[in-house]
Each structure stands twice: as C-alpha cells, then as structure tokens.
Amino acid sequence: MYSLKQVTSCAVALAAAVLSLANSTVARPHTVRLIQARYINDSSLVKDAYDYVIVGGGTSGLTVADRLTEHGKATVLVIENGPLPNSDAVTEVRGGMGAFGSPYFYKIQSAPQIELHNASYPVLIGNAVGGSSAVNAMMTVRGTSEDYDRWGQLFRGGGSGRASPWGWDGLLPYFKRAVTFTEPGPAVRDAVNITYDPSYWGDSSTVFAGWPSYQYPGLVPQIEAFREMPGVEFPPDSGSGRAGVYWHPSFMDPRKVQRSYARTGHYDGINRTTYDLVYNSKVTKLNIEDLKATGVVFQTAVKNETRMVTVKARKEVILAAGAVHTPQILQLSGVGPAKQLEEAGIETVVDLPGVGQNFQDHPMLGMAIMLRNFTVHPSPMDLLTNRNFSDWAKATWAKNRTGPYSIGIGNVAAWLGMPVVSPDRYETIASKLEAQDHAAYLPPDTDPTVIAGYKAQMSALANSIRSPNTAFYSSSLSGSNVPIGMSVLLHPLSRGSVRLNAAAPATSEPIVDYRTLSNPLDLKILTEFVRFTRAYHFNTSLADYGPEELMPGPDVTSDEDLADFIRRSVSPSEYHPSGTAAMLPRELGGVVDEELKVYGVRGLRVIDASVMPTLPGANTCQTVYAIAEKVSDD
C-alpha cells in the first residue's frame, strides 16, 4: 500500500462534569518543544504551492502534517476554519466537559428527527486548531478487535478481516504509536484496584494518556456489582480489544495535568520552514483538473475584507475536515451524488453516490436510578452539595493540581455485548435484522450502491449482535449515588446523511440528518438497555443501597411505554459523527479505497472519521489518531 510519504444533550455533560480525574505519575521523561509553532496570520504569506495541502487542522490533519514534515522532505499547508485560541482556554482539565458551551464549536442544528417528535439537536464538532480533540471528553478508549476486523470484512465479501490492513492486527501498531501511556500512581491504583497492561500502549508519541492521582471510593462497589452480572468480563486493559468492564486513561498530560490533544501533540513547539498553518480560513472548493485534485480555494479575512486565495498541491490534497464538512467540500467541488449536485446547481465532476451518505453517530439514553443508602463518601455529588468537600477540592487543585477538580470524565466504564445485555432476546434481534428489507429503512431515492453497502453492514452487524466481543452497550461509572446516568448505543443500525443546502450551498452549513431510530431495531436494542440497567441496580449487591428509579420510573415496563420514553429521552449524538466518506468498495457506496484515496479523483485523499465504514464501539478520537498515523507511515 502506498502511504502519503511514499507519494511524497448536554445532560451527559452535567453528569460527567462531576466525575473524578486528577494528577498522574509520569512513567518517563517528556519531550519538551521549546519553540513556538510557526503559523500564518496573513494569507498573503501563503506560498503559491505546497507538496500537500491539508484541509482541516484537527485530530487527523495536524497528526499527518507533523508526520509529513518531520524529516524535512515535504512541504505542507494546513488550512483550518476555526481560530488558534489561547492554549490555556482549551487545555485546562477542570471537569473534562468544560468545553461544552465553549466558543470552539460550529453552530449547527440537525434536521428535525422524525422518530424523536421532530426535535432538532445541536451538532457539536470542534472548530479550532486541534479540532474535536480540543473540546472532547478526553476518553482514551479503543473499540474491540471485531470492530476493526469488520472494516476488512466489508472489502472481502464478509470473509475474514484479519488479512486487511485495517483489521485489528493492522491497526494495533498505530494505536500504540499514536499515544504515550503513563501508569497511574501506586496509591490510587491500589486504592481502587486500577488494572492495566502497558504492552498494549506506546511510549513515543507527544500525545499523552494520563491517569488520576485521585478516585472516588464509591467506584469499588459499583464495579464489583458488574461481577455479579452473568457473562461480564474484565479485560486486562482498555486497549486489549476486548469487551467488558475496564479502566481507561484520559487524553491528559499527567505532568501538567492538562488536556493533551492534537495541537499540543502535533503542532505546538514545531518550527519548520516546510510546515505552514493558516487559521480562520474556510475552504470553499477543491480545484480538480482532468480528474486530478490540483489545489484548493479558501476564503479568509484580511483587515476586515474577505479574500479568496488559491493554493496548489503538487502531490495531494488531503481532506481532514471531519464527517460533516469533508462531504460538504467534496459536494461543493462536484464530487458526490449527481442528483443532489444538480439540485444545488453544481456541475458533477464525479458521480459518487456515497458522499454524505452512511452518516452515523452514537445515540445516548439517560436514566436516573438513585441509590438512597449509598453513603460511601466522598462522591462526585459532594462537589455540588458538600461545602467542606468542595472547598477542599478547590484548594487542592489550586495548590498542586490534584484532587477531584482535575476531572477528565471518569476512568472506568462498561462496554458490553448484546449476549450479556440481553441474553434472552439478542438472537431474536439479530434474526430480525437479517430478515429486514434493508432498503425500506433508507430514503426512497437512495442509490443502489449505497443500499448494497447498507445491506452488507447490516449482515456483519447481525453477526456482531451474536458476539460477546462486540460492545453495543456502554455506560461510565461515577462513584456517586447515581452510578449510571447514560447508556450509549455503540453500533446504531440507523443511517443518516449530510447534504448541501440546495437553496444556498456555498454560504450555508450542510443539512445534517441523523435519522435516529429510522431502523426500528435500534429502539428494540435501547429497550434492552433499560432492562439491563435496571437489573444491574436491582439484581446485584447494589440492591443493598436502596435503589429507587426516578426516570423512566418503575411503572414504565411495557415495550410500548419504554419506546415512548426512549423517543422522548434519547439524544441522537455522543458527538462522534462518522461514515460520510466511507472506506468501502465503490459498488457498496464507498467513497475511498483502502489507501483512503477518493474514487475517480487522483491526488485526493480523506483521512478523518468520515472514512469509518461502521463506528467503532468506543469514543472515536483514539481511532482517528490511529488512522492518521497509519496513513502517514512509510
């Protein structure tokens, strides 16, 4: 395979913001870059041409730019839509989810969701140098081995994905390369029995995975209660590729107790004459000549005047704008579904029906079960209710950046397969999925290739429903008397779309439609999540703590009533948009091949979460880093 170098809801935020994360013991010395990065704040300083032009200065864009320029053999321009903020405004941990409400998001609302009473929801994606890694929950989590083997299977007619470069074995070295792991301090490790295995991690990256020096003692009985649930496993490490209940680190520099993200890891401190970055600049179009990407046009402001700038790419244009804006840029450039382009008044360069299709995100469902007799203190709730504990936590943070106010998002969660979550019903759900008329759950004008790709995905996911090692259910633990607030559907069966606003394609944000619950089996799966969460509270040793269900309430038991609750309570997004430029065969609605090259256009590649054909059963950030590292490799 030729690499780049070779070719040269907010409910979850409130609950999460009181989880525990603090300082960490550093396992090895850090590499410190003392020179501030080089950037361009005047577009007139942009050169006429570069070897590579990267559209998007986020998680993947900055990683690949760093790798391409580290040996001085290639010139790179990164074009970022958002600002270059004061780093302290982003890197402070202080609850992990403090970025919610920050100015570093695009202002996009989804299309009304038909199955959710026509409600519209915010589409939260990072808009700053560093992208979504600058505003995410910092959870350093991978999916299971089956999640990535499934990608290879889709290229091989359902056969083994182990031979695929994108299977688990192919990606594991890049997961290791992407992040430097630091071990937790022995005191906190032993106090709550944090388990980990450094063999699944690397030690050479400038992106760090850090651990707390503080954890809430209430986590222990909550973890132990999972041992009483049939079939639940406890993998040796969050990076082992196994489903179960496990501890995981956070994207945090443990020496500084600050967010570690793409900017701090792959941009700050770099000073290379071969590497330029321009920010507050919006790419409006790719220049494509004779079916080859030759450069880009971007819009920027100079002294309050809008300027259009054209820059050439000698070798490749690389799209790293994310799963919402990458398909938008392709469509604006004439690459996409011909019918949609015609409606928007755009000449078709390459009819590629999969562009903007196959849109996926992780729906979240909230419940509230209070453990009335849960008196293990302190707990995260004490930060809100106990003045003495809150004052101590603030003073500890101010003194040495330790204690509860160094929260990330929590460090332990359950990631469970359907045979564990629903042992009596998972086979029925899998069989119903296999028997579906899959085209019936896509829009009526869907291209046959996209339908074929959806059918192939559903066949693979039916098998995954039967596997204990494909996690469908996820929920983080807090150590408080409300141990589970959100359950996440890791492999939704519904598919949405991102398409141009035909009325104003060049000046409007794209139309983002999650199409949540458009496949009714997602509703069945979420119903099983409610039943499992109840069993966890009422059928284990947690029953000794007096559980009381506040939402949806103990009287909500029938399938019909649970479905009504889910439609009123589910959020379409855990802020993990993916899949809109899918790495699939072209005849399955694919947009890029296994080298991430766009079908039908030479010199054009996509490297962000939009290439994921199916979501991993995990937060997407670590997977995006691995994709970027892999495509950058010799």
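**Exercise 1.** Which residues of α18 are buried?

*Solution.* First, some ground rules: this is a predicted model, where local features need pLDDT of at least 70, side-chain atom pairs count only at pLDDT 80 or more, and totals for chains, interfaces and linings use all residues. Residues are numbered from 1 along each chain as its sequence is written, and side-chain values use heavy atoms, leaving out hydrogens and water.

Next, go along the helix (a DSSP run of H or I, at least four residues, numbered from the N terminus). Buried (under 20% relative accessible area, 1.4 Å probe, protein chains only) are Cys621, Gln622, Thr623, Val624, Tyr625, Ala626, Ile627, Ala628, Glu629, Lys630, Val631 and Ser632. That's 12 of the 12 residues, so α18 is largely enclosed by the rest of the structure.

**Exercise 2.** Find what the buried residues of α18 pack against.

*Solution.* Look for contacts (heavy atoms within 4.5 Å). You'll find α2 (59-69), α4 (145-155), α5, α8 (262-266) and β22 (604-606).

**Exercise 3.** At what angle do α5 and α18 pack?

*Solution.* Start with the axes, which are lines fitted to C-alpha atoms over the stretch in contact, with angles running from 0 to 180 degrees between N-to-C directions. For α5 (residues 168-178) and α18 (residues 621-632), the angle is about 105° and the axes are 8 Å apart. The two helices are therefore roughly perpendicular (65 to 115 degrees). Now pick out the contact: α5 brings Gly170, Leu171, Tyr174, Phe175, Arg177 and Ala178, while α18 brings Gln622, Thr623, Tyr625, Ala626, Glu629 and Lys630.

Key: Angles under 35 degrees count as roughly parallel, over 145 as roughly antiparallel, 65 to 115 as roughly perpendicular and the rest as oblique. Buried means under 20% relative accessible area, exposed over 50%, partly exposed in between (1.4 Å probe, protein chains only).
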